[in-house]
Amino acid sequence: MDIRNAFAELQTCLGQRVTRSKSDLDLHARSESYFADASPDAVAYPEDTAEVAEIVRICARHRVPVIGWGTGTSLEGQAQAFSGGVAVDFSHMDRILDIAPEDMLVRVQPGVTRQALNEALRATGLFFPVDPGANASLGGMAATRASGTTAVRYGTMRHNVLALEVVTATGEVIRTGSGARKSSSGYDLTGLFVGAEGTLGLMTELTLRLYGQPEAISSAVCAFETVDAAVETVIETIQCGLPMARIELMDTESVRAVNAYSKMDLPEKPHLLLEFHGSDSGVAEQAEAFGSIAADHGGSAFDWATRTEARTALWTMRHNAYYALLALRPGARAIVTDICVPISKLAEAIEDTRADLAEAGVTGPIVGHVGDGNFHATLLVDMDNADEVARAKAAAARMVERSLRLGGTSTGEHGIGVGKRDYMQSEHGGSWAMMGAIKTALDPDNIMNPGKLVPPRN
């Protein structure tokens with residue numbers, strides 16, 4: 001790696017929009033999770049696709065790693081420069097290029113955040129539904145195949161990215177997909193790059209599917225005596241085919257945390273947070289049907305929120321749950337892990353995880369997008385206590401083993417990065433080697449986000 005000459009060439013191309021200042025390097029060294037800081041050697045701020053292509057060509061000539069950076073909210077170390085190199089920060093590529101209401105599509109640069117997009121769409125009667133909680137960049141969400149609270153109805157980024165513009169490891173600019181809703185033409189290269197975590201190329205433009213804003217929205221919270229009762233309610237709801245827009249679980253510890261952090265007064269019991277989208281009559285019918293199911297499992301009466309302000313407060317509370325959980329133990333770091341299992345196995349996976357964490361003496365509140373069979377445990381640890389860290393990491397490993405044993409996956413939405421790479425062989429077998437072969441074919445010099453997702457190079 002020849003970073004000195006690469007940096008000199010990048011300065012010629014970008015001027016002051018490439019930097020090695022300590023403040024920029026420190027900002028791009030951090031993670032939301034427990035990983036140690038890992039600084040890039042430089043940070044570049046391109047403004048268009050041509051500049052991204054030139055950055056990659058320069059880095060390729062000098063064998064310098066290239067790491068894409070959106071807002072830095074990934075949870076498995078995907079955006080950290082563990083091998084050094086140049087962090088390509090897309091914050092200057094934040095333009096909405098075209099809104100096509102008739103086609104219910106939008107083209108955006110990767111630095112556009114989901115909240116900025118929905119603000120711009122407000123007058124059109126359309127919205128983009130994928131909501132991972134954090135105000136992440138759309139490029140980062142596509143790179144990690146993000147999902148979140150609304151995936152139970154609207155799907156994940158995999159379902160909602162129709163086309164891409166990508167800069168490959170050689171600096172070539174390619175396009176994948178189209179504005180058509182379906183295609184039988186060739187390999188699904190769009191699907192290949194979505195979820196590749198920047199290991200195959202850098203996305204510089206995304207074409208996204210939009211949806212009509214629902215006529216009526218109603219949210220509610222419902223308390224249960226046990227997590228098992230709440231989960232059984234979710235399973236029966238999904239099996240009955242009720243079209244939930246969101247259905248989220250918080251266990252007792254999580255409820256206690258959000259009460260303190262968001263100044264709520266929910267009973268300290270497991271809760272489901274719900275949202276229904278549709279017509280006025282449809283929403284009412286869905287809510288009534290769900291209420292009957294919940295009552296059969298001991299659910300409390302609903303606390304309904306139909307006004308925008310009340311719904312916003314409810315989902316802001318849920319989105320801030322991560323910070324609320326951190327506040328349970330000031331000074332602790334979070335080993336945040338998620339798994340996803342078939343819906344019929346969800347109750348077993350959660351109960352076994354709760355019992356395992358209790359036996360291991362690890363504080364690990366659980367929240368989840370349970371309509372998808374996906375839940376998260378936030379393991380709060382003192383990183384200076386080696387024994388505590390070891391116990392937490394062992395418990396996280398057992399969560400993955402449990403998920404795979406039940407026919408699930410090591411991660412429903414956080415992705416692989418470096419944090420989950422050790423489980424890829426167990427989950428995918430020979431398919432993981434095939435992923436490595438694709439990486440080698442498209443990035444023979446291993447400059448695109450090296451050390452993440454795929455098998456290590458010999």
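Colleague: How many aromatic pairs does a search of the whole structure find?

Modeller: The model is a predicted one. Ring pairing was searched for across the whole structure, and the number of aromatic pairs found is 5.

Colleague: What is the geometry of the pair formed by phenylalanine 127 and tyrosine 154?

Modeller: The ring centres of phenylalanine 127 and tyrosine 154 are 5.6 Å apart, and the ring planes stand at 85°. Planes over 60 degrees apart count as edge-to-face. The pair of phenylalanine 127 and tyrosine 154 is therefore edge-to-face.

Colleague: How many residues apart in sequence are the parts that this pair ties together?

Modeller: Phenylalanine 127 belongs to strand β7 (residues 126-127), whereas tyrosine 154 belongs to helix α6 (residues 151-154). Both phenylalanine 127 and tyrosine 154 are buried. Because one partner is in β7 and the other in α6, the pair links parts whose separation in sequence is 27 residues.

Colleague: Which residues form one aromatic cluster?

Modeller: Phenylalanine 127 and tyrosine 154 have ring centres 5.6 Å apart. The aromatic cluster that includes them consists of Phe127, Tyr154 and Tyr211.

Colleague: Of tyrosine 322 and tyrosine 323, which is partly exposed?

Modeller: The rings of tyrosine 322 and tyrosine 323 form an edge-to-face pair, because their centres are 5.2 Å apart and their planes are at 75°. Tyrosine 322 has 17% relative accessibility and therefore counts as buried. A relative accessible area of 36% belongs to the partly exposed residue, tyrosine 323.

Colleague: Turning to helix packing, are α9 and α14 roughly parallel or roughly antiparallel to each other?

Modeller: Helix α9 (residues 227-239) packs against helix α14 (residues 346-360) with the axes 9 Å apart and at an angle of about 160°. Angles over 145 degrees count as roughly antiparallel. The orientation of α9 and α14 is therefore roughly antiparallel.

Colleague: How many charged residues are there in the contact of α9 with α14?

Modeller: α9 crosses α14 in a right-handed sense. On the α9 side the contact is made by Val227, Asp228, Val231, Glu232 and Ile235, and on the α14 side by Leu346, Ala347, Ile350, Glu351 and Arg354. By class, these residues comprise 6 nonpolar and no polar, and the charged ones number 4.

Colleague: What is the orientation of α9 and α11 to each other?

Modeller: The axes of α9 and helix α11 (residues 280-296) come within 9 Å of each other, with a crossing angle of roughly 140°. The crossing is right-handed. As angles over 145 degrees count as roughly antiparallel, α9 and α11 are instead oblique.

Colleague: How many polar residues are there in the contact of α9 with α11?

Modeller: From α9, Thr233, Glu236 and Thr237 meet Phe290, Ile293 and Ala294 of α11. This contact has 3 nonpolar residues and 1 charged residue, while its polar residues number 2.

Colleague: What is the handedness of the crossing in which α14 passes α15?

Modeller: α14 also packs with helix α15 (residues 386-405), at an angle of about 160° and with the axes 10 Å apart. These two helices are therefore roughly antiparallel. The crossing of α14 and α15 is right-handed.

Colleague: In which loop is methionine 104 found?

Modeller: Most residues other than glycine have a negative phi. Methionine 104, however, has a positive phi, near 55°. Methionine 104 is partly exposed, at a relative accessible area of 30%, and its location is the loop between β5 (96-100) and β6 (105-108).

Colleague: Is leucine 453 buried or exposed?

Modeller: Leucine 453 also has a positive phi, about 70°, although it is not a glycine. Leucine 453 is located in the segment after α17 (430-442). Its relative accessibility is 11%, and so leucine 453 counts as buried.

Colleague: What distance separates the C-alpha atoms of valine 88 and valine 52?

Modeller: Valine 88 is part of strand β4 (residues 86-89) and counts as buried, at 0% relative accessibility. Beyond its neighbours within four places in sequence, valine 88 has contacts that include Ala44, Ile55, Trp69 and Leu202. Valine 52 is 36 residues from valine 88 along the chain, and their C-alpha separation is 8.0 Å.

Notes. Residues numbered from 1 in each chain as written. Predicted model: local features only at pLDDT ≥ 70, side-chain atom pairs only at ≥ 80, totals over all residues. Heavy atoms only, no water. Axes fitted to C-alpha atoms, helices over the stretch in contact; angles between N-to-C directions. Helix = DSSP H or I, 4+ residues; strand = E, 2+ residues; numbered from the N terminus. Parallel < 35°, antiparallel > 145°, perpendicular 65-115°, else oblique. Left-handed = near helix turned anticlockwise from the far one by under 90°. Contact = heavy atoms within 4.5 Å. Nonpolar A, V, L, I, M, F, W, Y, C, P; charged D, E, K, R; others polar. Phe/Tyr/Trp six-rings, centres within 6.5 Å; stacked < 30°, edge-to-face > 60°. Buried < 20%, exposed > 50% of the residue type's maximum accessible area, 1.4 Å probe, protein only.
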